[in-house]
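Take a slow look around this protein before reading on.

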Amino acid sequence: MTMANTIKKKKLSLLEFFLMWAKRQGWQVPDIHIIACHWLEHRGDIAVLRCFRGFGKSTILAIYNAWRFYNDPTYRILHQSETDGTAYKTSRDTQNVLRKHPLTRHLLPQRQGTVGQWWVDGAKDSRNASMFSRGILSNVTSARADEVQNDDVEVPRNTQTEEAREKMRERLDEQTHILVPDGKTLYVGTPHTFDSLYERIEAMGADCLTIPMFAQEYRISVAGEESYKLPFKAEYIFYGIGKGAKVLEENVDYQITEDNTLIFSEPPKVLIDCYAGIAWPNRFTIKELASRRKKTETINKWDSQYQLHAKPVNEIRLDPDKLKRYSDIPKLKTVNKTVTMWLGNNQIVGAVAYWDCSLGKVKSDASALSLVLTDAQGHLYWQFAEAMLGELVEFGDDDKVIGGQVKQVRDLVLKYNIPCVVVETNGAGGFVPPILRKALQGTGCAVREQHVLTNKQRRILDALEPPLKSGFLHAHDNVFDSPVIDQMRSFNPEATNDKDDYVDSAAGAILQTPVRIAKIVGNSESNPDNNWIPNGGTYEVHTDY
């Protein structure tokens with residue numbers, strides 16, 4: 001026996017292994033696949049691979065799996081996808097590579113397991129398969145693995161509601177206990193929601209590789225001007241999204257100057273996307289991309305599936321990006337014995353606080369209170385959305401209200417000079433108004449009861465969508481720091497169990513506008529002229545969207 005035969009042959013890198021397979025398949029290998037292979041071999045223990053739709057990431061993953069068994073036949077992989085059937089696809093593809101790759105033909109015995117779980121030649125664990133494939137919602141509690149793969153586990157079906165997202169997170173947490181010490185976890189896919197799994201894992205310090213369709217992008221969302229200064233030289237310019245989308249032609253529809261100023265032959269009336277640095281030009285031609293853009297229904301879906309932004313693929317009905325943010329606090333001013341309320345330079349002529357009560361039980365809605373102010377022009381100012389916490393009311397020895405949710409409401413009434421609180425009397429709110437009136441004694445603040453019979457999702461849309469789209473709805477910094485923004489982004493009119501308590505309370509306040517205000521907030525006996533309404537009398541506010 002020669003010395004050369006006694007020396008163990010050096011194993012090939014993943015890229016070398018991949019290129020051998022690509023040559024056998026007759027593939028032209030783009031640079032992005034070379035980048036992905038190198039990263040997969042050298043990535044950290046917790047890693048995220050985000051690639052645009054059509055990248056071929058699952059195909060590469062199957063080759064990677066075969067390479068793992070080529071290097072170490074005792075390696076164990078738990079592969080999870082959206083469903084069992086989707087996970088089985090990668091399992092079959094891995095088996096195909098093992099059977100046909102020149103370096104692994106000997107590794108897969110005949111009739112060794114099923115497509116869901118199977119063992120390579122040299123595996124030492126008879127209980128846990130070399131590759132175990134299941135859907136993310138399937139039971140894998142008893143498994144053990146050296147590597148866990150999550151291949152496109154985030155899809156519209158399991159991300160459209162908070163309940164679905166929470167269920168998926170619970171299953172992902174189980175993987176922590178399945179991995180052996182020093183094991184690896186890999187996430188592969190494209191985002192399908194603003195609360196994307198991949199964003200959360202990246203925020204925890206994961207090793208990430210993100211390859212969008214275009215390396216550079218610039219969006220003109222408020223079109224109408226003739227020229228725009230771009231931060232780079234645009235190579236592709238898309239007009240609109242969906243049925244009317246098209247790719248604009250240089251020197252016909254637009255020109256680009258040397259300083260990257262984009263000049264249109266005619267000012268555009270819809271959204272414009274400017275791109276450069278396409279990832280795979282040989283496969284994704286401009287004709288192909290134009291066709292895909294035309295077939296994509298929403299800009300969110302395009303952004304998430306091709307540019308890998310964390311957005312829901314469906315249309316956001318209550319887009320919080322359309323809220324106009326402000327930081328002013330309402331203030332009272334007295335001129336010639338007339339009290340007025342101002343929010344910055346805008347005079348406030350109406351206000352409604354709406355309380356959607358809850359007793360704080362597990363899995364119940366928050367007990368949310370929203371204040372919405374109105375100016376003379378009909379603009380709405382969402383001043384706060386806060387949760388009332390704890391017991392409904394706490395009494396002292398003399399039967400005086402000393403704490404509880406109603407005390408918190410009273411504190412806000414005095415702080416913001418709120419003239420009226422509307423209490424939703426459905427459910428727990430049925431017995432709240434008398435208790436709240438007792439807590440508000442001496443403030444001059446009215447309590448009005450509102451029993452709601454309409455569909456909640458429809459009511460929220462009717463209240464918030466028109467002023468939001470028309471640019472009439474403003475929101476204070478407090479609102480942006482609350483759960484409101486997440487609830488707006490995830491609001492689904494077809495879902496009945498989503499968390500929407502804060503937006504529901506704001507919807508109630510808006511639907512109560514116009515409101516008649518003729519009460520004095522504070523001590524009504526000692527401040528008879530403290531009415532901040534214009535003309536010192538009853539004022540009815542009409543809002544016209």
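Start with an open sheet of 3 strands, ordered E9-E13-E12 and paired in the antiparallel sense. A quick word on terms: strands (E, at least two residues) and helices (H or I, at least four) are DSSP runs numbered from the N terminus, and two strands pair if DSSP finds at least two bridges between them. Strand E9 (227-229) and strand E12 (254-256) sit at the edges with a single partner strand each, so one side of each has no neighbour in the sheet. On average, neighbouring strands here are turned by 15 degrees against each other, direction ignored; the axes behind such angles are lines fitted to C-alpha atoms, for helices over the stretch in contact, and angles run from 0 to 180 degrees between N-to-C directions. Now zoom in on E12 and strand E13 (residues 261-264), which are antiparallel partners over 3 bridges. Ile256 stands opposite Leu262 in E13.

This is a predicted model, in which local features need pLDDT of at least 70 and side-chain atom pairs count only at pLDDT 80 or more, while totals for chains, interfaces and linings use all residues. Residues are numbered from 1 along each chain as its sequence is written, and side-chain values use heavy atoms, with hydrogens and water left out.

Next comes another open sheet, with 4 strands in the order E8-E14-E10-E11 and antiparallel pairing. Strand E8 (214-220) and strand E11 (246-247) hold the edges, each with a single partner strand, so one side of each lacks a neighbour in the sheet. Strand E10 (residues 236-239) pairs with E11 over 2 bridges, and Phe238 has Val247 in E11 as its bridge partner. Helix H8 (residues 286-295) lies across E8, E10, E11 and strand E14 (272-278), at about 25 degrees to E10.

Strand E16 (residues 331-335) and strand E17 (residues 338-343) are antiparallel partners over 5 bridges, with Leu332 opposite Met341 in E17. There are 2 residues between these strands, and Asn336 in the turn has a positive phi of about 55 degrees. E17 also pairs with strand E18 (residues 346-356), antiparallel over 3 bridges, and here Trp342 faces Gln347 in E18. The hairpin of E17 and E18 has 2 residues between the strands too, and its Gly344 takes a positive phi near 65 degrees.

What lines the second largest cavity? The residues are Glu154, Arg165, Met168, Arg169, Thr193, Asp195, Leu197 and Arg200. A cavity is a set of points, on a 1 Å grid over the protein atoms alone, where a 1.4 Å probe fits but cannot get out, and lining residues have an atom within 4 Å of a point. Helix H6 (162-178) and helix H7 (197-203) each give two or more residues to this lining, and H6 has the largest share with 3. The lining divides into 2 nonpolar, 1 polar and 5 charged residues.

Confidence is highest in helix H3 (residues 31-42), at 98, and lowest in strand E26 (residues 516-517), at a mean of 38. Where pLDDT is low, the predicted coordinates should not be read in detail.

Terms used
pLDDT is the predictor's confidence in each residue, from 0 to 100. On a 1 Å grid over the protein atoms alone, a cavity is a set of points where a 1.4 Å probe fits but cannot get out, and a pocket is an open set with protein on both sides within 12 Å along at least five of seven lines; lining residues have an atom within 4 Å of a point. Ala, Val, Leu, Ile, Met, Phe, Trp, Tyr, Cys and Pro count as nonpolar, Asp, Glu, Lys and Arg as charged, and the others, Gly among them, as polar. Contact means heavy atoms within 4.5 Å.
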